[in-house]
Amino acid sequence: MNDSMKKRLSLVVSVYNEEEALEQFFQEADRILRKVFWDYELIFVNDGSQDRSLEILNHLAEADEHVKIVSFSKNFGHEAAMIAGIDYSTGDGIICMDADLQHPPECILEIIEKFEEGYQVVNMVRTKNESAGWFKNMASSAFYKLINVLSDVKFESNASDFFAISRKVADVLKHDYREKVRFLRGYVQNVGFPKTTIKYEACPRVAGESKYSIRKLFKFSVNTIVCFSNLPLKMGVFAGIFAAALGIIVLVYTLLTRGGAPSGYATIVILNCFMFAILFLIVGIIGEYIAILFAELKDRPIYIVEETKNI
């Protein structure tokens, strides 16, 4: 087949302080990419790394023209890095994955087969991730169950930041899904188009440690729920109904026991504490929604590119 007629694959890789893993990742990915019959580009997005990651990437780009670099002016986060990679990609198919080799490059061949079959969205679902530990695995499972209850959009359980999309889907994400607070893997599952799922087992991390602390994961989960569901805002209505019902119960109890009714001090204190707890919870939920609205109104850039190479 003439090179000009070949389809093109864009492999987007988010990089943040991955100096110990980059060269091994490149060797593994390059070995797989040379087997495919598509042309390809390997886009590394340097998300403000503080170690030698950018230096290593520059050496790789000098030695191989397939390697392209998008380097941020500072750390904007994993989601911003993936969005930037999609924005700069030129492929007919785009695969997003991490550089720590927990996302096995061998899956690239199977993903391309799915593209050839006509699928435009390929969700990669983890079946096992021993390196994450029992708590993170349990929290991930609970998160997907919760978001599926709260949201009208139904997500694949254990779907990861390892996914693939067609050029058409990438253009939709590039022009229409530009929220400042985002859940990219959720958008990928929400845009429609023919989609399929590939299951994989997460490999051990070759170096370094997870960049997502429990605090970051909690914040990410809250932002995701707020982005995809307005049900928490309706808690005020449910709380009001509950409070009214509780008030009626207390009223009936007082009337029926008016001869020997207790002084009521403890009851009043408990009810006040309980109702104020509900009130502050609702105010906090409203605050989360207002914070996201504020971020959107400020309309600051999702990311700022300091330099690029081979692009």
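How many of the eleven residues of helix 3 (residues 78-88) are buried? Ten of them are, so this helix is mostly covered, where buried means under 20% relative accessible area, exposed means over 50% and partly exposed is in between (1.4 Å probe, protein chains only). What you're looking at is a predicted model, in which local features need pLDDT of at least 70, side-chain atom pairs count only at pLDDT 80 or more, and totals for chains, interfaces and linings use all residues. Residues are numbered from 1 along each chain as its sequence is written, and side-chain values use heavy atoms, with hydrogens and water left out.

**The overall picture**

- The protein has ten helices and eight strands; these are DSSP runs numbered from the N terminus, with helices being H or I of at least four residues and strands being E of at least two.
- Buried residues make up 43% of the 311 residues.
- Take the contacts (heavy atoms within 4.5 Å) between residues at least 6 apart in sequence: 84% of them join residues at least 24 apart.

- Helix 1 (residues 22-33) has twelve residues and reaches 16 Å from first C-alpha to last, close to the 16 Å expected at 1.5 Å a residue; the expected span is 1.5 Å times one less than the number of residues.
- Its buried residues are Leu 22, Phe 25, Phe 26, Ala 29, Asp 30, Ile 32 and Leu 33.
- They cover an arc of only 160° around the axis, which puts them on the same side of helix 1; the arc is that of the directions from the helix axis to the C-beta atoms.
- The buried residues of helix 1 pack against strand 1 (8-15), strand 2 (39-46), helix 2 (53-63), strand 3 (67-72), strand 4 (93-98) and helix 4 (107-116).
- Over in helix 3, the buried set includes His 78, Glu 79 and Asp 87, along with Met 82 and Ile 86.

**The nonpolar cores**

- A nonpolar core here is a set of buried Ala, Val, Leu, Ile, Met, Phe, Trp, Tyr and Cys residues joined through side-chain atoms within 4.5 Å.
- The largest one has 37 residues, and Leu 9, Leu 11, Val 13, Phe 44 and Ile 111 touch the most other members.
- Helix 1 gives the most to this core, with six residues.
- A second, separate core of 26 residues includes Ile 43, Phe 72, Val 169 and Tyr 303.
- Setting aside residues up to four places away in sequence, Leu 11 touches Phe 25, Ala 29 and Leu 33, plus Glu 41, Leu 42, Ile 43, Ile 95, Met 97 and Ile 108.

**Two buried polar residues**

- Asp 47 sits in the loop between strand 2 and helix 2, and at 2% relative accessibility it counts as buried.
- A polar contact of 2.8 Å joins the side chains of Asp 47 and Asn 75; the term means a pair of N or O atoms within 3.5 Å, where within protein one must be able to donate a hydrogen and the other to accept it, and residues adjacent in sequence count only if both atoms are side-chain atoms.
- A polar atom of the Asp 47 side chain also lies 2.7 Å from the backbone nitrogen of Phe 76.
- Beyond its neighbours within four places in sequence, Asp 47 is in contact with residues including Val 15, Tyr 16, Phe 72, Lys 74, His 78 and Ala 81.
- Asp 47 and Glu 79 are 32 residues apart in sequence and 10.0 Å apart in space, C-alpha to C-alpha.
- Ser 166 lies in strand 6 (residues 159-166) and is buried, with a relative accessible area of 8%.
- The side chains of Ser 166 and Gln 120 are joined by a polar contact of 2.8 Å.
- Not counting residues up to four places away, Ser 166 touches Asp 92, Gly 93, Ile 94, Phe 115 and Gln 120.

**Positive phi**

- Most residues other than glycine have a negative phi.
- Asn 17, in the loop between strand 1 and helix 1, has a positive phi of about 55° although it is not a glycine.
- Asn 17 is partly exposed, with a relative accessible area of 26%.
- Asn 310, in the segment after strand 8 (305-309), has a positive phi near 65° and is partly exposed at 36% relative accessibility.
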